[in-house]
Amino acid sequence: MNKKLLAILCVSALSSAAVAQDDRASGNGWQYSPEFSIGGGYGLTKLKDGDFDEEEAAKKAFAVFKINEFIGIEAAYIDFDESGNEAFDIDIKGKTLDLILELPISQNFSIYAKGGQMWWDADTNIDTSEFITSSDSDGDETFWGVGTKFRLAEHLDLRVEYERFNFEISRDEINVLQPDDIDMDVDYASVSLQFTF
């Protein structure tokens with residue numbers, strides 16, 4: 001499903017670029033200069049797998065390069081707080097790279113969709129009555145998100161967005177006594193401030 005979403009995003013991006021090029025060629029006066037933005041945000045995550053289901057906080061920092069009014073490329077770093085249950089906890093951090101497709105509704109409000117890749121590292125700890133063990137895992141997964149952007153000032157925007165991540169960790173990476181692989185979905189709802197230069 002994620003691969004289909006990325007394909008749709010890519011096709012939409014090319015279509016938007018073509019429309020923008022046609023507008024310039026036809027002399028409609030459409031003008032847009034590339035923009036560079038940085039920002040940071042804070043939000044709540046919902047972690048769901050067969051062993052635990054809980055909410056934790058997460059922090060992110062990001063940079064966005066807007067190619068035109070509709071298309072942007074975003075790089076981000078997300079620090080998911082440690083979470084788990086009585087016997088198991090996990091601490092995940094990751095870097096992302098994604099394509100943003102933005103649709104301006106008015107001068108001060110827009111909606112957008114995003115999709116891309118996350119490269120993550122996780123520290124896991126298992127604590128049972130018989131043993132305590134720690135391990136490091138890493139991987140890369142596709143992800144997607146949607147959001148809205150509100151103009152607060154000339155160079156300052158407020159972003160409200162939802163993202164869905166998935167983390168798959170083999171039982172062999174944690175401990176051979178772990179009964180199953182970890183296949184965990186993480187929903188991330190966040191609020192961010194974005195400053196455009």
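User: Before we start, what should I keep in mind about the model and its numbering?

Analyst: Residues are numbered from 1 along each chain as its sequence is written, and side-chain values use heavy atoms, with hydrogens and water left out. This is a predicted model, where local features need pLDDT of at least 70 and side-chain atom pairs count only at pLDDT 80 or more, while totals for chains, interfaces and linings use all residues.

User: What makes up the fold, and how are helices and strands assigned?

Analyst: The protein has 2 helices and 9 strands. Helices (H or I, at least four residues) and strands (E, at least two) are DSSP runs, numbered from the N terminus. Along the sequence the pattern reads α-β-β-β-β-β-β-β-β-α-β.

User: Why is the pair of Lys 149 and Glu 102 said to tie together parts that are apart in sequence?

Analyst: Their side chains meet in a salt bridge at 3.2 Å, N to O. Lys 149 belongs to strand S7 (residues 132-153) and Glu 102 to strand S5 (residues 88-106), so the pair ties together parts that are 47 residues apart in sequence. Both Lys 149 and Glu 102 are buried.

User: Which residue does Lys 114 pair with, and which network includes Lys 114?

Analyst: Lys 114 forms a salt bridge with Glu 163, their closest N and O atoms being 3.2 Å apart. This pair links distant parts of the chain, with Lys 114 in strand S6 (residues 109-127) and Glu 163 in strand S8 (residues 156-169), 49 residues apart. Lys 114 and Glu 163 are both buried. The network of salt bridges links Lys 60, Glu 74, Lys 114, Arg 159, Glu 161 and Glu 163.

User: How do you know that Gln 194 is buried, and which residues does Gln 194 touch?

Analyst: Its relative accessible area is 3%, so Gln 194 is buried. Gln 194 sits in strand S9 (residues 182-196). Contact means heavy atoms within 4.5 Å. Not counting residues up to four places away in sequence, Gln 194 touches several residues, among them Ser 37, Phe 62, Lys 149 and Arg 159. The C-alpha atoms of Gln 194 and Ala 63 are separated by 8.7 Å, although the two are 131 residues apart along the chain.

User: Why is Ala 75 called partly exposed, and which residues is Ala 75 in contact with?

Analyst: With a relative accessible area of 36%, Ala 75 is therefore partly exposed. Ala 75 is found in strand S3 (residues 71-80). Leaving aside neighbours within four places in sequence, Ala 75 is in contact with Ala 61, Phe 62, Ala 63, Thr 96 and Leu 97.

User: What makes a nonpolar patch, and which residues form the one on this surface?

Analyst: Patches are made of residues with over 30% relative accessible area and no salt bridge; nonpolar side chains (Val, Leu, Ile, Met, Phe, Trp, Tyr) are joined within 5 Å, and like charges within 9 Å. Here Phe 36, Ile 38, Phe 65, Ile 67, Ile 73, Leu 97, Trp 119, Phe 195 and Phe 197 form the patch, with about 850 Å² of accessible area together. Accessible areas come from the Shrake-Rupley method with a 1.4 Å probe, and for residues only the protein chains shown count as cover. Leu 97, in strand S5, has 43% relative accessibility and so counts as partly exposed.

User: Which residues gather in the negative patch, and which strand gives the most?

Analyst: Glu 82, Asp 121, Asp 123, Asp 136, Asp 138 and Asp 140 gather there on the surface. S6 and S7 are the elements that give two or more residues to the negative patch, and S7 gives the most, with 3 residues. Lys and Arg count as positive and Asp and Glu as negative, while His and the chain ends are not counted. The place of a charge is taken as NZ of Lys, CZ of Arg, CG of Asp or CD of Glu. Asp 140 lies in strand S7, and at 42% relative accessibility Asp 140 therefore counts as partly exposed.

Definitions and conventions
Salt bridge = Lys/Arg side-chain N within 4 Å of Asp/Glu carboxyl O. Buried < 20%, exposed > 50% of the residue type's maximum accessible area, 1.4 Å probe, protein only.
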